[in-house]
Amino acid sequence: MTTTTLLGALLPVVPLVAGLVGLLLPPAPPDGGEGRARRAAIALGVAGAAGALVLAVALLVTLDGPVESSGTWVDLGGLAVTIGVRLDGAAALVAVAVAAVALAVQVYSIGYLKRGPHDDVDVDHRYPPYAAQISLFTAAMLLVVVAGDLILLLVGWEVMGICSYLLIAHDRRLPEAPAAAMKAFLVTRVGDVGFLLGIALLGVSAGSFRIADVLAHDHATGTLTAACLLLLAGVAGKSAQFPLHTWLPDAMAGPTPISALIHAATMVAAGVYAVTRLYPLFERAPAALAVLGVMAVVTLLLGALAATAQDDLKRVLAWSTVSQIGYMTGALAVGAPAAALFHLLTHAAFKALLFLAAGAVIHAVGTTLMSRMGGLRRGMPVTFWCTVVGLGALAGLPPLAGFFSKESILYAAEDALHGGGPAPVWVGWLVWLAGLAGVAITAWYATRLLLRTFLGPARSPLVQPHDPPAVMRWPVLLLAVPAALLGLAGFAGGFTDLLRPVAPATPDRPSDLLPPAPLVHLGPEVLLPLALLTLGAGLAWARWRRDPAGDPAATLGPLRPVFARAFRLDDVQHALVVRPTGAVARGVRTADEVVVDGAVTGSGRAAVGLGGGLAALHRAALPRAAAGVLAGALLIGLAAALIGAAA
Amino acid sequence: MSLGEFLLVAVLAVPALGAVAVAATPRDRAARVVGTVAAAVTLLAAALLALGDRTWSGYTPSAPAVRPWHRIDLPWVPGLELRFHLGVDGISWPLVVLTALLTLLCCGYTLWRVPEGGSGRALVALLLVVEVGILGTFLALDLVLFFVFFEIVLLPMYAVIAGWGGADRRRAARKFALYTLLGSVLLLVGVYVVVAAAGTADIVALTGGAGLSRGTQLAAFTLLALAFAVKSPLWPLHSWLPDAHTQAPTVGSVILAGVLLKMGTYGLIRVAVGVAPEGARWAAPVLGALAVAAILVGALVCLAQDELKRLIAYSSVGHMGFVLLGVATLTSTGIQAALIGNVAHGVITGLLFFLAGAVKDRAHTGSLAELSGLRETAPRLAGLLGFAAVASLGLPGLAGFWGEAFAVVAAVQAGGALWTTLGVLAAVGGALTAAYFLRLLRRVTHGRPSPAVGRLAPGLARAELVAWAPLVLLALAVGLAPTLVLGVAEAPVDALVEVLR
């Protein structure tokens with residue numbers, strides 16, 4: 001094991017240990033005093049995330065090409081399950097992003113989950129389990145990032161699901177939180193049925209679950225397509241892609257730092273990352289890429305349109321995540337995993353920034369509804385400017401990060417129009433057109449969010465908005481740096497090389513000698529998205545100029561309630577899945593109790609009844625009993641005579 | 001007498017003598033201490049069975065498929081050619097240790113709390129007798145001896161349920177005894193069919209078919225599989241289980257779910273599949289289909305269930321469905337998945353029943369409608385319940401994952417339309433499992449505390465922690481290092497699968 005692989009192996013272990021130790025701390029203070037356990041939890045949480053960040057940066061620095069190290073974990077009847085790491089540039093970069101966001105969230109939470117002066121006396125934030133679960137969450141995501149085996153990846157994948165469940169349900173004052181948490185885990189778990197089956201198909205086909213073996217094996221076309229499609233179900237669940245996206249907006253019931261964690265670097269990023277990890281397989285399964293493309297386009301537009309009509313600040317951001325992940329999966333569908341990863345990284349920066357800034361707003365105003373905000377710019381200038389940077393990056397305003405990464409995706413889609421990608425040409429058209437439309441819509445809702453929250457008249461005049469305390473301010477400020485500047489890295493050759501998925505060199509395939517195409521292209525085609533961006537932002541602004549107190553979403557007219565409820569897909573899911581399953585469950589329970597168990601108890605009762613009947617027959621009065629005995633004797637005698645005669 | 005032979009005898013003799021000693025000790029608490037010590041010594045002896053030479057020097061056509069690490073073979077009733085033949089190998093050893101561990105934890109638990117209904121002394125003595133029967137079943141290498149041990153378990157378990165159980169205990173105990181007796185009758189007939197046709201009751205000699213005709217094998221497998229299906233239980237022969245598990249006292253439920261059900265799956269692997277491989281191949285599709293039906297039915301019933309212990313009881317039906325699906329594939333992957341699924345289910349469901357018992361003892365109700373907000377008043381208990389539920393729903397990284405995921409993998413590996421469909425349905429069953437456990441957690445731990453939960457004290461007793469900690473650690477350890485179980489089982493399973501071909 002070299003230093004590099006050791007660093008990679010330690011990456012998930014450090015936060016894991018911090019999390020497991022943290023779970024042993026007393027969850028609730030005995031008599032109101034939060035003191036010591038809370039301080040220990042803070043130290044553990046921050047140390048775990050900081051340690052992971054140091055390791056990830058060290059890994060990024062020391063890594064000079066893909067490396068792999070693995071040993072047998074368990075051998076189940078000839079199917080090898082290995083335990084080991086598989087490291088490349090993309091893994092190191094994503095690990096840095098994960099650890100950085102996790103550290104920001106751990107630090108920010110210290111201030112966010114603190115008993116404030118307005119809180120009830122009995123508010124107890126249960127900080128120790130909270131911090132420990134964030135550490136576990138981080139560890140699980142880092143495990144997904146470095147895992148060199150599909151089963152190991154699945155471990156991180158599902159542990160992440162359960163951590164998101166626990167953290168979304170953390171706020172005990174919100175009645176909707178438990179339901180939202182359950183929905184998040186169940187919807188992703190439904191997708192994971194496909195993920196597990198896909199892994200099973202690949203593992204059985206290759207005879208091993210090691211990613212390198214799975215990629216090197218020559219799978220039958222049918223198996224490969226089926227496996228890729230099944231994997232996509234899991235990806236759709238984790239990365240909130242249509243039709244399994246419904247959990248993400250509801251997950252806003254979790255504390256805001258958790259939203260930042262889920263939306264930026266972990267969980268939703270895992271699906272996209274897993275596809276890039278197995279991209280050579282998807283390249284050989286164009287049907288799966290086509291399905292992914294359709295999924296991406298629907299998700300992209302659905303999320304963007306739903307974001308236009310939300311009144312809840314966090315829900316706007318949640319739907320924007322859905323839409324932005326659509327961009328990433330769209331990039332994957334047109335054969336540009338590097339562009340997808342680029343957008344994943346910039347998105348991690350600006351979405352974490354936006355959520356943490358939104359948390360500062362919610363902390364100051366005490367509500368998440370934009371209809372009760374407005375005019376916050378004067379009271380909270382730092383938060384305002386950070387949000388401007390974040391929203392600019394989200395909308396793709398040059399030279400902020402999102403501009404470059406979105407540009408690289410649109411460029412890849414345009415390239416696919418000419419048959420440049422592994423997917424069919426029509427997928428390229430779909431992604432390109434939807435991507436362009438998405439630019440305009442994104443600009444519109446980003447502008448609306450900014451105007452409704454920070455500008456115009458204050459709609460809650462009683463509150464005194466203020467910038468957050470330092471422990472919450474600094475994470476926001478520091479995240480603004482990559483949100484603004486990370487896009488420029490797209491010009492750096494070294495960065496681009498890191499993102500390209502390179503198969504580890506094997507004797508028969510030394511390495512990819514093609515010159516790396518640049519990730520960012522600044523040509524005349526940039527003007528089209530820029531024009532659309534101006535159009536979207538301008539429409540929202542013009543509407544707001546006319547009526548600064550009104551909501552620009554009023555322009556949507558009759559579509560507004562439809563968008564606000566995201567095309568009522570929640571109701572569809574409820575009607576098609578939740579309610580039928582419940583009805584079937586009740587039916588099966590009744591059938592099991594009445595029919596299956598009824599047959600058992602019935603046979604018991606029948607036996608008792610039969611016995612009783614026979615007993616009653618034997619309790620006959622003398623004349624009938626005598627007649628019975630005589631009749632029996634007669635029968636026996638007759639039988640004896642007949643048999644004797646026959647013999 | 002070698003160390004191995006001594007240990008084999010000790011594993012059975014210590015709890016048997018312990019039961020006598022417990023019954024003979026006049027003071028109740030002292031008797032419980034004596035019983036706990038006996039159970040601890042048994043666990044030690046069981047763990048030590050892994051010592052010594054257990055190298056597996058490769059399968060050769062002449063070597064028998066069952067090659068115990070240690071064995072003892074003595075004449076028992078020479079006139080009837082009955083032999084006292086015991087042995088332990090990688091398939092039985094994890095179950096032997098699990099049985100000894102759970103019995104020890106249950107005996108230790110009764111030191112702290114004796115359920116209402118009778119003396120603690122009698123309960124501990126009965127638990128030790130049950131342990132003798134279960135351990136004997138796992139160790140027996142003679143069919144008749146196997147049957148005898150299989151039957152020893154029945155009456156003491158009946159007494160535990162009927163004596164210390166819940167409100168409806170007599171009916172549940174009667175149903176348990178009568179239903180499993182039916183299975184025993186089938187087992188007896190099956191044993192007779194095999195012994196009469198083969199002329200020997202030696203499992204080592206019988207494994208692989210031993211020249212039994214196809215007709216005999218089909219008949220024997222049908223009888224044996226039905227008998228073990230009642231015990232496991234396999235849908236639709238499961239309906240004794242919910243009543244028995246729900247009404248039994250906490251320690252009874254733990255033993256029932258933790259190890260008693262494993263007698264069925266162990267018997268299926270060792271006796272039914274081993275002795276009548278041709279019958280197993282013939283019946284495998286039916287077995288697989290019923291196993292998947294058990295997974296789905298169990299999960300759906302749990303989804304509509306409204307009593308805590310009953311829900312956990314029904315969850316066993318689904319989990320054992322995964323185990324039986326693994327066995328039904330008749331592949332090395334599937335049988336290994338079944339073995340680790342067996343152990344994981346014993347650990348996790350044992351823990352779940354301990355926790356459910358703790359909740360019921362405190363809140364005096366098990367109705368999901370009356371339980372809510374446990375995490376507000378008893379955060380540690382709620383956290384442990386959450387852990388056990390998450391482990392039981394098969395979270396990767398915890399023990400339950402390997403058995404369930406690899407039963408699905410084995411079905412996919414078996415290939416063909418039927419097995420692929422079964423694998424897909426089983427995977428869907430996995431999602432349903434998550435659904436009902438999350439529903440359980442949402443009802444019990446989340447929300448505002450109900451009146452029944454509101455008066456709970458937050459702390460846990462030391463005895464509870466001591467009883468639960470080994471199970472929590474094992475669920476984690478087996479999840480992270482499945483070789484703990486599978487390392488010893490790999491070679492014997494491969495040898496068994498070899499004779500199945």
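1. A residue is called buried here if 20 or more other C-beta atoms lie within 10 Å of its own. Keep in mind, too, that you're looking at a predicted model.

2. With that in hand, have a look at helix H8 of chain A, residues 221-238. Its buried residues are A:Leu224, A:Ala226, A:Ala227, A:Cys228, A:Leu230, A:Leu231, A:Leu232, A:Gly234, A:Val235, A:Ala236, A:Gly237 and A:Lys238. The cover over them includes helices H5 (150-168), H6 (177-206), H11 (268-277), H12 (279-283) and H13 (286-308) of chain A.

3. How far does H8(A) reach from its first C-alpha to its last? Its 18 residues span 26 Å, close to the 26 Å expected at 1.5 Å a residue. After H8(A) comes A:Ala240, with a positive phi near 55°.

4. Now for where the two chains touch: chain A puts in 37 residues and chain B puts in 44. On the chain B side, the elements giving two or more residues are H12 (277-303), H14 (332-363), H16 (379-392), H17 (399-414), H18 (416-444) and H21 (483-500). H18(B) has the largest share of that side, nine residues. By class, the chain B side has 27 nonpolar, 13 polar and four charged residues.

5. Last stop, B:Gly166, which sits in the loop between helix H6 (154-164) and helix H7 (169-198) of chain B. B:Leu384 is 218 residues from B:Gly166 in sequence, and their C-alpha atoms are 24 Å apart.

Key:
Residues are numbered from 1 along each chain as its sequence is written. Chains are lettered from A and ligands numbered from 1 in the order in which they are written. This is a predicted model: local features need pLDDT of at least 70, side-chain atom pairs count only at pLDDT 80 or more; totals for chains, interfaces and linings use all residues. Helices (H or I, at least four residues) and strands (E, at least two) are DSSP runs, numbered from the N terminus. The expected span of a helix is 1.5 Å times one less than its number of residues. A residue is buried if 20 or more other C-beta atoms lie within 10 Å of its own, exposed if 12 or fewer, and partly exposed in between; C-beta atoms are placed from the backbone. Two residues are in contact if their C-beta atoms, placed from the backbone, lie within 7 Å. Ala, Val, Leu, Ile, Met, Phe, Trp, Tyr, Cys and Pro count as nonpolar, Asp, Glu, Lys and Arg as charged, and the others, Gly among them, as polar.
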